[in-house]
Amino acid sequence: MAAHASQVETAGARTRLLLLLSPLAAFLFAFLVLPMLGLLRTSFLPGERSFGATGFSFEQYVKFLGDGYYLGVLAETIGFGVAAAFVSLVLGFPVGYSLARLPPSKRRWRLIIVILPLTLSLVVVVFGWLVLLGRNGLVNSVLVGLGVFETPQRLLFNRVAVLVVLVQQFLPFMILSVMSVVTQISPALEQAAANLHANRFTTFRRVILPLAMPGILSGMTLVFILSASAFITPRLIGGSKVQMVGSLVFEQVTAILNWPFGSAMAFVLLVLTLVVTIGANAALARLFISRGISRAP
Amino acid sequence: MRPIVYVGLCIPAVIIVAASFTAGEALRFPPEGFSLRWYRAALSSAPFMGSLWTSVRLACLATIGALSLGLCAAMALDRYRFRGREVIRNLTLSPLVVPMVVLGIALLQFLASMKLNQTFVGLLAGHVLITVPYVVRTLTASLVLFDRSIEQAAANLRAPPWRVLRLVTLPILFPAIISATVFAFVTSFGNVTLSIFLGTSQATTLPVQIFTYVEQNYDPVLAAVSAVVIMVTLAMILVIEKVVGVEKVA
Amino acid sequence: MNARALTESSNVVSEVTKGPAPQGQAVVTVQQLTKMYDTFTAVDSLSLEVGQGELLCLLGPSGCGKTTTLSMIAGFVQPTRGAIHIAGADVTRLPPYKRDTGMVFQSYALFPHMTVAANVAFGLENVGVAKVQRKRRVGEMLDLVELGHLANRFPRELSGGQQQRVALARALALRPAVLLLDEPFSNLDAQLRVRLREEMRRLIDAVDITTLFVTHDQDEALVLSDRIVVMNKGRIEQIGTPQEIYEEPASRFVAEFIGSCSLLEGTVRDGEFRTQRGISVPVAAAANIERALLVLRPEQVRLSGPTGARAFDARVENSSYYGGMTRVRLNAGGESLLMEAHFAGADVPKPGDDIRVQISPVGVRLIPAP
């Protein structure tokens, strides 16, 4: 009958809308917008303290972007994000695809396994890995027991370990994103392709991959952003050997107490994630238009 | 390859739960023996129990806050067209993609300038901020599929708007509301990063407590405590599965 | 009848678009009803009346404004201008829950979380009917639609046809002044549609309730209605009984929308309609007309004997055998004609055949050329 959403035509409707929206709007303004603006402001302060500080300066950004060490950490952070995105794509796509094609009864328990790491507290997940990869952990026990190594190896505190843990944490996002988009690709399309003499690989390359691209892009974007923002993982798994921007920010704020510098770093990280998000949305929009896909995953 | 992925996804949790039953002194896998001593130790540990209570309290309050703000906002965003609709929607969902450390430092500074840092209220505000997006997203997914003609039918059958809301709209939205509640609770309960920034020494949450311990050393008490977190989280997921079906949520 | 439409051309518009109720007291009166969205006019100054016990149909293509009109009568859409009266009361500014209407939605809109019985009882609860009377009334309504045995089921357990009947029972439970139906059969498959159509007419007659229903399906409209309102682009094209609409279309739109037809352009001189190519038909016209349109229904094109006076040649372009009749598309010197007649076995025309046909003058209609 009437449209799902209505234009605000009457005064009564306007009041209702205001009443519904203003609590959240006010809350977001106070606890999201203002703090972010404050962060921006602090990042342009000179010196090393923010309390009672005044002035405007680019020195924090210069300090961060002009120093080889910090740039290196930034590059590594981006590197981790990209690597995590690709690894989770390779691992996650088959799982997401199979979940989309499974009947609901078989899907349930698998989905629960996928969702669990998402909802479980990060620190518990990371702790689990510490136990797994530690000197007395499972992996070492197996390796020593099988005679591969004589003594337990140091598996932690290196880049690979950090990447592994990052991937495990955020892989579910990729799986769900792929599953969501593949569910919308009717199996009839694959059957049609087979009927037109396409083998499995061709069907994948020319039918499934293009149509699944929005989900792949979404998933990779999300994994990238979450990985690049990581702080607990590099700190606990990487120790002092592996630094990411997130852990640097934490250090600046809690240990070194240089809030202006910490703010500038945080802002660089924020800009990075914003750029990636906007870029991905633009790419997705173009995909929708060119492919005629009607719904977002 | 797929089974390896499934195993890889749940391996940390499985390891912790298994290791928590060790009878030995140190955290190793496979565990030595079977004992509940570390659970007993966890239960009698004041810092852990205290932080557990704080976490539960915080999660309950944050969930109530997020539901109140989020349910109203989700209805407004779904049912009205107005200028700035997408801006507000994006702003509401932004904590999902803004790096948690950035939120942490921004909120910490803001609260400090208002002398609210290291207070329960400040921590609560942060938790509401990060749980509202889940509430709005879950409710929106359900609202989009809501057949408005059902509400029109109720009005046609002489039900004034208040009755329509109470007898028709909310009951139909109930599964989504339950989902949203669980997501909000789980997100708040498990949050680490934000809680580290905004937390106070008097009111530490359980995950932060675990974090502090892990940084220093780890003994099986930690495994027992973590196992409790895992079981609580798993129980909540099963609640969603029962009420709504995990499918709809993913 | 044909002549009247043309000679009284200045009155044509008001005669066919004003719809006085056939017998006395009107239950629903709509005056100058208009709905505009920004610059788009969905409903343009529409006026009609629905008489007591009448079944009036709003018929038209998608986007013609019929559903918007129904929504305004039910109260879900606010009119930009105009007035609506139901059972004598001005309801134009009243919210839907204060109007004495009962509505069946296209999707049935049954409450999924309530049983069938609870669905039917919902309206009665809202107006404060006591529990005992409620139960009795619910029982009555479910018996009326023959679903008493499903009272405790949930909507998702019912078939489409059963859901529709529950929706009807629910709407009728409050004995509203007017029943509103929004494309009630569009969600059902073809065979079910035909069967339920007949059942619904029977039910509505049994309850003797004034009904207004909206459809785009002209068969439905012809079969079910007492009167049809043909709408196009927010305006009324014609109001009349099914016979009037079919046999005396007032405009090209109505002629083409209802049933199949062929249209011939030509002139009228001395009581004879003649096309350029020489097809002629006697018509009852008072005056000569330079440009006229002749509306032909397919059943008016007949096979002619070899010496029919106004017979002409035509070539069969294609031919579809429907059993009881065969639909033949003919090309008569450039004019395309549709013919429907019964042909036995071997006589069925085949593409490429040349046949001789003539137009039966009974029932042809002249309409003003646009």
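**Exercise 1. Strands β16, β17 and β18 of chain C**

How many bridges join strand β16 of chain C to strand β17 of chain C, and do they run parallel or antiparallel? Then follow the chain on to β18(C).

*Solution.* The model is a predicted one.

Step 1. Locate the two strands: β16(C) covers residues 312-321 and β17(C) covers residues 326-332. They run antiparallel and are joined by six bridges. Within β17(C), the residue that stands opposite C:N318 is C:R329.

Step 2. Look at the turn. β16(C) and β17(C) form a hairpin with four residues between the strands. In this hairpin C:G323 takes a positive phi near 90 degrees.

Step 3. Go on to β18(C), residues 335-341. This strand pairs with β17(C) over seven bridges, again in the antiparallel sense. C:T326 has C:A341 in β18(C) as its bridge partner.

Step 4. Two residues lie between β17(C) and β18(C) in their hairpin. C:G333 in this turn has a positive phi of about 55 degrees.

**Exercise 2. An open sheet in chain C**

Give the strand order of the open sheet of five strands in chain C, and name its edge strands.

*Solution.* 

Step 1. Read the order across the sheet: β13-β12-β11-β14-β20, with antiparallel pairing.

Step 2. Find the strands that pair on one side only. These are β13 (280-282) and β20 (365-368) of chain C, the edge strands.

Step 3. Take one pair in detail. β11(C), residues 262-269, and β12(C), residues 272-274, are antiparallel and joined by three bridges. Here C:T267 stands opposite C:R274 in β12(C).

**Exercise 3. The two domains of chain C**

Describe how domain 1 and domain 2 of chain C touch.

*Solution.* 

Step 1. Count the contacts. Domain 1 of chain C has 13 residues in contact with 14 residues of domain 2.

Step 2. Ask which elements supply the side of domain 1 that touches domain 2. Two or more residues each come from α1 (2-7) and α10 (252-257) of chain C. The largest share, four residues, belongs to α1(C).

Step 3. Sort the residues on that side of domain 1 by type: five are nonpolar, four polar and four charged.

**Exercise 4. Chain B against chain C**

State how many residues of chain B and of chain C are in contact, and describe the side of chain B.

*Solution.* 

Step 1. The contact involves 15 residues of chain B and 17 residues of chain C.

Step 2. On the side of chain B, α7 (148-156) and α8 (161-190) each supply at least two residues. The element that gives the most is α7(B), with six residues.

Step 3. By type, this side of chain B has nine nonpolar, three polar and three charged residues.

**Exercise 5. Nonpolar cores**

Which residues touch the most other members of the largest nonpolar core?

*Solution.* 

Step 1. The core has 159 residues, and those that touch the most other members are A:V126, A:V178, A:V223, A:M265, A:A266, B:I16 and B:I105.

Step 2. Helix α7 of chain A (residues 159-183) contributes the largest share of this core, 17 residues.

Step 3. Another core, of 108 residues, lies apart from this one; B:A153, B:A154, C:L48 and C:L124 are among its members.

Step 4. Return to A:V178. Leaving out residues up to four places away in sequence, A:V178 touches residues including A:F93, A:Y97, A:A212 and A:I216.

Notes. Residues numbered from 1 in each chain as written. Chains lettered and ligands numbered in written order. Predicted model: local features only at pLDDT ≥ 70, side-chain atom pairs only at ≥ 80, totals over all residues. Core = buried A, V, L, I, M, F, W, Y, C linked by C-beta atoms within 7 Å. Buried ≥ 20, exposed ≤ 12 C-beta atoms within 10 Å, placed from the backbone. Contact = placed C-beta atoms within 7 Å. Nonpolar A, V, L, I, M, F, W, Y, C, P; charged D, E, K, R; others polar. Pairing = 2+ DSSP bridges.
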